[in-house]
Amino acid sequence: MSNSRLKEFFKLGEVGHYFIRVFQKPDPNKPSNFNLRMMHGINKISILMFLAAIIFYTVKRCS
């Protein structure tokens, strides 16, 4: 497999970059308001709950 095909295979895309961006510190140069902060907070909770459910399901299913 060539180097460029390997990079293409592991590209995250828009969704992956959003997941990474949600858990980073907010950029002080970008405008922010209350609604935007709450939306990102709810998304963080949703992502963590989903990952916890996947882990719980996997552990319960395999044991």
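Helix H2 (13-22) and helix H3 (34-62) each put at least two residues into the lining of the largest pocket. Helices here are DSSP runs of H or I, at least four residues long, numbered from the N terminus. A pocket is an open set of points on a 1 Å grid over the protein atoms alone, where a 1.4 Å probe fits and protein lies on both sides within 12 Å along at least five of seven lines; lining residues have an atom within 4 Å of a point. H3 is the biggest contributor to that lining, with 5 residues.

Before going further, keep in mind that this is a predicted model: local features need pLDDT of at least 70, side-chain atom pairs count only at pLDDT 80 or more, and totals for chains, interfaces and linings use all residues. Residues are numbered from 1 along each chain as its sequence is written, and side-chain values use heavy atoms, with hydrogens and water left out.

Back to the pocket. The space in it comes to about 450 Å³, taken as what is filled by probe spheres set on the grid points, which are joined across faces, edges and corners. Of its 14 lining residues, Arg-21, Lys-25, Pro-26, Asp-27 and His-40 sit nearest the centre. By type, the lining splits into 6 charged, 4 polar and 4 nonpolar residues; Asp, Glu, Lys and Arg count as charged, Ala, Val, Leu, Ile, Met, Phe, Trp, Tyr, Cys and Pro as nonpolar, and the others, Gly among them, as polar.

Zoom out and the fold reads α-α-α along the sequence, with 3 helices and 0 strands. Carbon and sulfur atoms hold 66% of the chain's roughly 6300 Å² accessible surface, calculated by the Shrake-Rupley method with a 1.4 Å probe.

H3 also has Phe-50, which counts as exposed because its relative accessible area is 52%.

Methods: Buried means under 20% relative accessible area, exposed over 50%, partly exposed in between (1.4 Å probe, protein chains only).
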